[in-house]
Each structure stands twice: as structure tokens, then as C-alpha cells.
Amino acid sequence: MAEERQARVDETRRSLLKAAAVLGGASIISFAAVDKDKLKAVLKPVALEEVLGETAEAAEDATELERRAKQKEQEIKKMCMAEAEKICKAQGQDSPACKEATKRCEMIKVKATPPRKGVRFAMALDINKCIGCRRCAYACVMENNMDRELRIEWIKVVGLPREELELLNPKMDYTDAPERNMVYIPMACMHCEDPPCTMVCPVVATYKEPDGIVVIDYDRCIGCRYCMTACPYGARRFNWKKPRVPVTELNPNMHILGNVVRQPHVVEKCTWCIQRTRDGGVPACVEVCPVGSRVFGDLNDPASPIRRVIEEYGAFVLRPEAGTKPRFFYYFGPARTPKKEWVTGEKEGGKKG
Amino acid sequence: MPLLKPKESYGESWLDTIRYIIDKGLLEGSKAYYLAFAALLLLGAYGLYLWIFVQHAPIFLGADYGGMITTALSDSVPWGLYVSFFVFWVGVAAAGIVFGIAAYAFGHPGFKKVAVLGEVQAVAAIVTVLLLIAADIGRPIRAMILMPQLPNLRSMLDWDFVVLTGYLLLNAIGFLVTVHYYRQDKPLPRKFIVPFIIIAAPFAIGIHTVTAFISQALTARPYWLSPLLAPRYVATAFASGPAILLLALVLAERYVKGFKVDEDVYRKTMLVITGALVVGLYFTLSELHEIYWYTTEPWKREQANVAFYGYYGMGYIAVMMWLWISLGVAAVILALIPSVRNSWQGRLLIALLTIIAVVNEKTMAVVIPAYIPDPLGRPIPYYPSPLEVGITLGMHGIGLLIYLVLARVAIDAIMTHYFRGSGAHH
């Protein structure tokens, strides 16, 4: 009985070993024989669109991002045209709203401009100059196609007392600025060197590009909001519902990783106007700032204004203890704005301003 | 009139075990059982309805209405009720292993009888946890496609997903195997027990540790930024998990005819609960000292003020915090009195106090203060919306339903082996 059992066990073991040897041999042969590049192509992650069966036909040499951008462009154009038609029907073909909407719809272009080599973007802001007017936040909303109903703003301007710049209970809904004893600190994504938001993302939907811009791939975001929990600067916003932008206000210059019209339940944040800066422009907030408190440029370029500002005045970052190495610098520039006498009318002793 | 009739006798195959589980869990039972079953099913269905047709309408239906805007969550408080209860149930699931360790690692005969109930508890708790995550994630279908495909090995969320599903699978296997052998009146084979406990025990500690690691290393949340968070999670989990098991045992003993639990099982479980509570309370004391004794980072102090004093209209958080402390202390004191801890009423009371205390500590009081004030310093209060409460209740309904069904099967199998069969003589 026992011998018989032992024999059966031995037989099983032998056949198992045989099977393992055959399988091992086969895998070694296939590993050696198969073209590595082909294997890599096979093992490449499948794009979401392919899974959902939305793949559009595209040029062979286009990158995946470009293909998606083209597809997105058609989608958004279609959606925009439908909206524009509604407006035209309601207000007449000759109404300014109809003309504006159609014009914008026709101009829609979704880009996928890649980063330029050797560029490392950074921004600096002169706290002494900032008057807290929030024009940057407004320009940002208009430029980046944020949902108007949720009132998403990427830039938040916090007003703090001059005595202690502790980021606690700031004045944010003020209606009168600047006040004499306040400083105003616009805050948005700091595009950190070590961003915790990209470390925590479970699906690599948010990542840092070589030119230093931290981007979000809206087609990949699963809306878990872990990045919002991890960001020490409160820079990230969530589309809590289906976002809506009036087509008469739509910015047709779009980038697939930036201001392209968003989807419900995805996270978004400042991209330093990737649709402008990748093409050599400056972000909308820099352009609109009435006191010129913002400086944007390439950290690697010795002649860039950002380098000059840092070397001349010295710069600091907010919450350095968070250890994320922000690339959004703050500095106290030469003139204190506003001077006391400009606000109160009374003159102080000493030099005249 | 039942569509399927329970079989009279079962063979030795695994298919018969599955048939046995279906029969015992779904086809046999009293009126009260079916009433509870239907009520929980209804609750679960309502929760799923709210989730699919209201909260996630833009995702599942492509609708213009609805969306997570129907919750009280905001950019300042992006995680709320769902994540709070997620944390609690992960702890309960992890602590199911206490019975397993006592039974299989230390070979305690009394615990061997009831260890499978720990596995049932773990399965039900993890199902609840996964449902709560599904309700919390903005795009759950995308997550299911992308998470296995493009994992970020640095993200604790991915690791949590791995250990949670792994632990669910382990406990489901444990349950299945135990029922398979016990229903045939056979003891569990060693070649199952040894690998099972060697894999499952680290997994159990792992699920709760990884869950704590999701939040504890974030400089953006000073209230969580402490290496004490994970030990604290595990400590209170080992109070609440066994307390729920104890509750189940006391109830089973009272309502299942012939089911008897060894006195020593109660004593040792009581010991674990008390010990874990003491450690948890001690951790809270240590945190209080760190935050309030001298000075600390103002932002952290402000968040702690929300937790302990209910600043910014968050009074309910402070109530929960102090309920944890006071009920925890009360449970420990009661457990030290022999006449209380040795009577079944006393045990029931201590278990209930412990569960309520840990629910208060683990859920909102540990999650919400980390978001108020937010990184911009704005104190935006958070009160869960009725929709969130409804969905959370619904997900709990499904979890409880699974617990009810599986626990009935497990107790029936235990009865077959230990009280009617060969195990009765040991």
C-alpha cells in the first residue's frame, strides 16, 4: 500500500519535473528568438481609447499624445458647433454672440507640443509689487477654459498681515485692495522639483515633464483625489460635475495636457499656460499683471529675467519645510508698494518716494 | 415556494461545498433571517442606486446632472465620509487574523473552533472597503482598467489595492477550505493551515499598515505627519476587530442552539481588546503631548484644535474625539473588574463600548481634521451630505449581508464538526 503510494507520488513528481523542463526550455528559446523591440511593442500598455474602442485613424509618425490631441480636437469642435448652433437659433444668425461662438469653434486647435530640450521653466513673484487685484486669477480662468459654474480658479490670492506671513486664516474674499498692512500672495501650482502629487498618483496620470511643468493627463486621471491630499500648496482642483464653458468664452488655443475642455471627475491645476509657453510665449497671468510683479523664464538660460531676479534680490519659496523644492519663487523687490503716503496721503519723514 | 431545494446530503467535491454554501446561506432559514436578508438587500440596492444614478451619473450615464458635487466634499476636503469608514473597516478586517493566529499559530483548541468567523469578518469588511473606495473614486471603471496596467510603485494607493485584494482572496480561500473540511466532519489539514497562517498574518498587519502609510507621510497634512499614525491604526484595530468578533460569538451562543464557545476564548479575546485599547489610548496621550505641551507648527496645532476642540464649527469631530477617549477609558476600567468581564452581559457591554469608541476614533476624527484648515490656511468645514450617508449605509448593507450569509454557513459547518461530529470529543 505504502509502496504503491510512493510510486504514484514519484510518478507525479517526475511528470511535473518533465513539464517544468519543457516549459523552461520553450521560454528560453522564445526569449532568445523573439525580437526585443517587437516584444516591447506587444508589452506596451494599451491606451484607454483602444480599450474603449475609440481609436481614430491617425498618421503613422504621430506620437500617441498627438493622435489623441487630434481626436480630441474633432470631439470638441463637434460639441462646440452644436452649442454655437443653439445660440444662433436662439439669438439669430447675425447676433454678435452667434458670430463669436462660430468664430471660436472654427479656430479650435488642440496641440500636443512637446517640451523644448534644455529648458527649465520657473516663475517668480514680487510680493512688494503685488496689489492683490486678482486680475491674474481672472485671466487664468479665461485662458484655461475652467468650468464657470464651479468657479474653479487655479490662482488663489491670499492676503496676509505684514507682521507674520503664516499661511493661516488668510483674507481671500476681500473686496478692497491693496490695504496698507497687508501683503498679497498669489498661489498656484509651484511646479516642484520633487512633487508629492506625482509620487502618490496611482496611475501615473500626473507627471513632471522635462521642462519642469507638472502636467495632468485628463484621459488617465481616475479622480481618486490623492494628489489633492498630497499637495502642500492646495493647488489642485477637482471637477465635481460635468464642466461647462460658454462657447462664446472658449479659448480655442488648447493643449491636450493643459487647457483642453475638461471631463467630469478629473483633477486639474495650473500648467503655466503650457499652450503658450511651449510655443515661446508667457503665461496669461504674467501678461495681464498690471504692476508687472510676475517674472517667467528659463532657469537654465543665464540671460533670462528669472535668473536676474533671483541673483539680484534673492528669492524664497513658500512652505520650504514641505521639502518639495518649488520652482515658483517669491521675493521682496526694491520698492514697497504701496507706500504709506500713497494710501493715507500723509507724509512720513525721510526721503521722498 | 422555493425555486431550488436544499440537497439532503453532500458529496466530497468542492462543487458540493459551493452548493452547501449556497444552500445553507440562501435557501435555509427562518422568517426573521429572510426579513433581515431582504432589508439589507434593499439597503444595499438603494446605496448602489444613489451611487450609480446620482453621484456618478455623469460617469455611468453620461448625464449632465449629478456628479460628486452632490456630496459635501470640496477642493479643501477632498476625502470625507467614505475614506473615514474605509479606514475603520480595513482595521476590522485586519484584526480578524487575531483568531487565526491564536488557533493556527499557537494551536489553541478553543480558538480553532471559531477561527473561521474571523475570516468571514475579514471578507465582509474588505468587500465593504472596496465598495466604499468605488464610491469615492471619481472614475471607477477607468481605475479598474488603468490600475493594473500602469501602476505607480511609489504610490501607496496601488500597494493598498494589492494587499486588500490579496487579503480578500486569502480569507475567501480560508473560509472555503474550512467549510469544505468541517462540513465533512474532518479536521483542517496541516498543509493548508501552515502556509495559510504564514501568508495571512503578515498580510493582515500589512493591509492596515499600508492604509496608514497612504496618509502618514504627507507634508501637506501635518495632522497625519507622524510615524505614530500606522501603529495607532493597528493598535485600535486590534481593539475593534476582536470586539466585533466577541459580539458575534456572544450572539451566536445565545441564538444558535447547541453552539458553545470555550470560556478561555472569551478571556483571551478580552485580554487582547483591553491591551490594544490601552496602547491606543496611550498613543493619543502621546500625540496630545506633542501638540499641546510646548509649541508646535501652527498649522498642525490648528488642525489638532479641530480634532480636540471642534474649531471652525466642527464640533462633531471634537465630540467624537472625546467619546473615543472617554469610552475607551471606560471600557478599560470595566474590563479590569472581574465580575464584569466574566459575565456575558459585561462582555457585551465592554465589546459595544470598544466598538463605539474605535468608530469614533478611526473614522471622521482621524481623517477630517487633516483637511481643516487646508494648505492655503482656509478652514472650510465639512458635514457629510445625506447622499453620502445614504451611499455609505448602502455599502455597509451589502457588507453586512455578506457577513450574515457567510457567518451562518460557517457556524453550521462548525456545528457539524465540533458539536455533532468527531470534534466534539476533543
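Where does B:P373 lie in chain B? B:P373 is found in the loop that runs between α16 (364-367) and α17 (386-419) of chain B, and a cis peptide bond with omega of about -5° joins B:I372 to B:P373. The model is predicted, and local features are given where pLDDT is at least 70, side-chain atom pairs count only at pLDDT 80 or more, and totals for chains, interfaces and linings use all residues. Residues are numbered from 1 along each chain as its sequence is written, while chains are lettered from A and ligands numbered from 1 in the order in which they are written. Helices (H or I, at least four residues) and strands (E, at least two) are DSSP runs, numbered from the N terminus.

**Where the chains meet**

- In the interface, 39 residues of chain B are in contact with 43 residues of chain A, two residues being in contact if their C-beta atoms, placed from the backbone, lie within 7 Å.
- On the side of chain B that touches chain A, at least two residues each are supplied by α3 (57-60), α7 (140-149), α8 (156-183) and α12 (298-309) of chain B, and α7(B) gives the most, with 6 residues.
- By class, this side of chain B has 22 nonpolar, 7 polar and 10 charged residues, where Ala, Val, Leu, Ile, Met, Phe, Trp, Tyr, Cys and Pro count as nonpolar, Asp, Glu, Lys and Arg as charged, and the others, Gly among them, as polar.

**Helix pairs in chain B**

- The axes of α10 (residues 229-255) and α15 (residues 344-362) of chain B come within 8 Å and cross at roughly 140°; axes are lines fitted to C-alpha atoms, for helices over the stretch in contact, and angles run from 0 to 180 degrees between N-to-C directions.
- α10(B) and α15(B) are therefore oblique to each other, given that angles under 35 degrees count as roughly parallel, over 145 as roughly antiparallel, 65 to 115 as roughly perpendicular and the rest as oblique.
- The crossing of α10(B) and α15(B) is left-handed, a term used if the near helix is turned anticlockwise from the far one by less than a right angle, with right-handed used if clockwise.
- Residues that make this contact include B:A239, B:A243 and B:L247 of α10(B) and B:L348, B:A351 and B:I355 of α15(B), and the residues of the contact divide into 11 nonpolar, 3 polar and 3 charged.
- Helix α6 (residues 109-136) of chain B packs with α8(B) at an angle of about 145°, the axes being 9 Å apart, and α6(B) passes α8(B) in a left-handed crossing.
- Among the residues that meet there are B:V116, B:E119 and B:V123 in α6(B) and B:L164, B:N171 and B:F175 in α8(B); by class, this contact has 12 nonpolar, 3 polar and 1 charged residues.
- Helix α11 (residues 263-292) and helix α13 (residues 315-336) of chain B pack at about 140° with their axes 10 Å apart, again in a left-handed crossing, and the residues of their contact divide into 10 nonpolar, 4 polar and no charged.

**Domains of chain A**

- The assignment gives domain 1 (50-111) and domain 2 (121-336) of chain A, with bounds that come from an automatic or database domain assignment, and the C-alpha centres of the two lie 27 Å apart.
- Between these domains of chain A, 18 residues of domain 1 are in contact with 12 residues of domain 2.
- The largest share of the domain 1 side, 8 residues, comes from α4(A), and by class that side has 11 nonpolar, no polar and 7 charged residues.

**Sheet and local backbone of chain A**

- In chain A, 3 strands form an open sheet of mixed pairing in the order β10-β2-β11, where two strands pair if DSSP finds at least two bridges between them.
- The edge strands, each pairing on one side only, are β10 (294-298) and β11 (328-331) of chain A, and the twist averages 20° from one strand to the next.
- Strand β2 (residues 121-126) of chain A pairs with β11(A) in the parallel sense over 4 bridges, and A:L125 stands opposite A:Y330 in β11(A).
- A:K325 has a positive phi of about 50° although it is not a glycine, and A:K325 is placed in the loop between α11 and β11 of chain A.
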